[in-house]
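User: I would like to go through this model one question at a time, with the terms spelled out as they come up.

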Amino acid sequence: MGNFVANEGLSIFVILVWLGINAYLFVQFYINFLVERWFYTRVLLGHALSWARAPAAALNFNCMLILLPVCRNLLSFLRGTIQCCSRTAARQLDRNITFHKLVAYMIAFHTAVHIVAHLFNFEYFMDAQLNRNSSLLPFVLSEIGNGDNLPFLNPIRTNETNPTIVMFTTIAGLTGVAITLALILIITSSMEVIRRSYFEVFWYTHHLFIIFFIGLVFHGYGRIVRGQTHDSLLTNKPEACADQFEDWGKNGSNCAVPVFAGNPPGTWKWVLGPMILYVCERIVRIYRAHQKVVITKVVMHPSKTLELQMKRKGFSMEVGQYVFIQCPSISRLEWHPFTLTSAPEEDYFSAHIRIVGDWTQALYEACGGDKNETQEAWKLPKVAIDGPFGTASEDVFRYEVVMLVGAGIGVTPFASILKSVWYKRIQNNQDIFTKKIYFYWLCPETEAFEWFADLLQSLEGQMTEKGMTDFLSYNIYLTRWKETEAAHFRVHHEAENDPITGLKQKTLYGKPNWDNEFTNIASKHPGTKVGVFLCGPPQLGKSLSKQCLSHSEADVKFIFNKENF
């Protein structure tokens, strides 16, 4: 339980506070429209009025939040500020995209409630105009504003129209349609299948947020939903005057014709600050995009993995961080995130890019990946770098025993960590707190091993020379091979080193038995805290998290750190 609280406690607290504020705003504004000022409006609309206004308040709050998690430079500033006080709190900022998605889902939910409520409202407005009977209060209220120079309560001014026409001839209607269409396109294009297969669609439709926020700010300027003014309440008390509506404004009557007005637009107060912060964010990104980046080396690894080694003046990184890369010759708008695979001790920074889409394929070709001859340096494409971002994964070095688990291309952050270990402990002879690293790499096919094997071979050779072979234990699993296939392969490739990776440590086949692995590590390191770091799919994360909980006892604790990468 303590392990779970240490890893998830702060995140759960933040989510509960966020949900609590949403619930409070919804309930509070629902109640706000049940007061005397809105009595006559409720005569026309009933409780649909409150059902429309309550989600609008929650929408304002969430639209204030939606831009903040994607202000990368702001998050980096906050991360650096609070990291000295609490690394746990700093790590929560790396869950920014998760929170961004949660806020987006909440916006979609409140938008749906708001739209449905207003559809009912417009039907009620229309019904009040169609039932043209002066003995009915809804009709009398609907007639206010016709030739008496008073503000209207019912925005549908005649029974010869329909709600659809009103929807497309008012500021609220037009902006509402624009906001809804933009939101639908943004959310649908953000689905995992579209984002991974058609990233450009996701990228470009996401910029519809500009239309969304413009429409949001101007949505309330029409003041269609109106309530009784405070001055009017002095001359027409609904409790006393609602039943005397036929005598309103006549001589001898104590009830004047009620006067109505809408609330002034208030959404801009919620979103102006975040919008200014986001504009500043984009200005910083533009400035960084114009800083010169030099590609010093391009390495074409097997299975279409491209390694870019780069330099930029003043660039400083930590292990486990990532950058956004733009290639203007491919697209001036697209920025793609890649984990840094270099170590802070190196005089360059690098990223390994797997060719899986149109943009990465174009970059591969621009760097000469499709050519047999060596690409000349002056022909290499220009790139722009934004970053680095993310919490530095120095937490790895805060544990005496560490488990690193990478799946497929998820091994990239561990390249940086293992290189940094090599520089700190082997080359510079620094005395680091970490005494043992267990490294697990799960890959479906043999090709995925090839680009990373060189690094492991180098580490293996260096540690053998230094007599430090016990420092790093690594287990590489080929998950789609069965043991029978592997046995046949080994018979035809008998060698001292593994025939697939070239390492002395033999490749394992199938999936790890995590229960056995955790039990084995726990028995070897009693009385220690073991840091478990994962870069891989959520299903694997759930499995490892459960193992951490089940194997954490009084003498050994496994601390799960899924979100570090």
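Analyst: Before the questions, contact here means heavy atoms within 4.5 Å. This is a predicted model, in which local features need pLDDT of at least 70 and side-chain atom pairs count only at pLDDT 80 or more, whereas totals for chains, interfaces and linings use all residues. Residues are numbered from 1 along each chain as its sequence is written, and side-chain values use heavy atoms, with hydrogens and water left out.

User: Which residues is S189 in contact with, leaving aside its neighbours within four places in sequence?

Analyst: S189 belongs to helix α9 (residues 171-189), where helices (H or I, at least four residues) and strands (E, at least two) are DSSP runs numbered from the N terminus. S189 has a relative accessibility of 4% and therefore counts as buried, a term for under 20% relative accessible area, with exposed over 50% and partly exposed in between (1.4 Å probe, protein chains only). Once the neighbours within four places are set aside, the residues in contact with S189 are I194, R195, V201, F202 and T205.

User: With which side chain does the side chain of S189 make a polar contact?

Analyst: A polar contact is a pair of N or O atoms within 3.5 Å; within protein, one must be able to donate a hydrogen and the other to accept it, and residues adjacent in sequence count only if both atoms are side-chain atoms. For the side chain of S189 the distance is 2.5 Å, and the partner is the side chain of T205.

User: Which elements do the buried residues of α11 pack against?

Analyst: Helix α11 (residues 199-206) has F199, F202, W203 and T205 as its buried residues. Of these, F202 and T205 are also among the residues in contact with S189. The buried residues of α11 pack against α9, α10 (192-197) and β6 (336-339).

User: How is α4 oriented relative to α15?

Analyst: The axes of helix α4 (residues 72-82) and helix α15 (residues 267-289) come within 8 Å and cross at roughly 95°; such axes are lines fitted to C-alpha atoms, for helices over the stretch in contact, and the angles run from 0 to 180 degrees between N-to-C directions. Angles under 35 degrees count as roughly parallel, over 145 as roughly antiparallel, 65 to 115 as roughly perpendicular and the rest as oblique. The orientation of α4 to α15 is therefore roughly perpendicular.

User: Which residues of α4 and α15 make the contact?

Analyst: The residues of this contact divide into three nonpolar, one polar and four charged, where Ala, Val, Leu, Ile, Met, Phe, Trp, Tyr, Cys and Pro count as nonpolar, Asp, Glu, Lys and Arg as charged, and the others, Gly among them, as polar. On the α15 side they are L277, E281, V284, R285 and R288, and on the α4 side R72, N73 and L74.

User: How far apart are the sulfur atoms of C241 and C255?

Analyst: A disulfide is a pair of cysteine sulfur atoms within 2.5 Å, and by this rule the count comes to one. The pair links distant parts of the chain, 14 residues apart, with C241 in helix α14 (residues 238-241) and C255 in the loop between α14 and β2 (260-262). Both cysteines are buried, and the sulfur atoms of C241 and C255 are 2.0 Å apart.

User: Is F471 buried or exposed?

Analyst: F471 is placed in the loop between α18 (450-466) and β11 (472-478). I437 is 34 residues away from F471 in sequence, yet the two are 6.3 Å apart in space, C-alpha to C-alpha. With a relative accessible area of 5%, F471 is buried.
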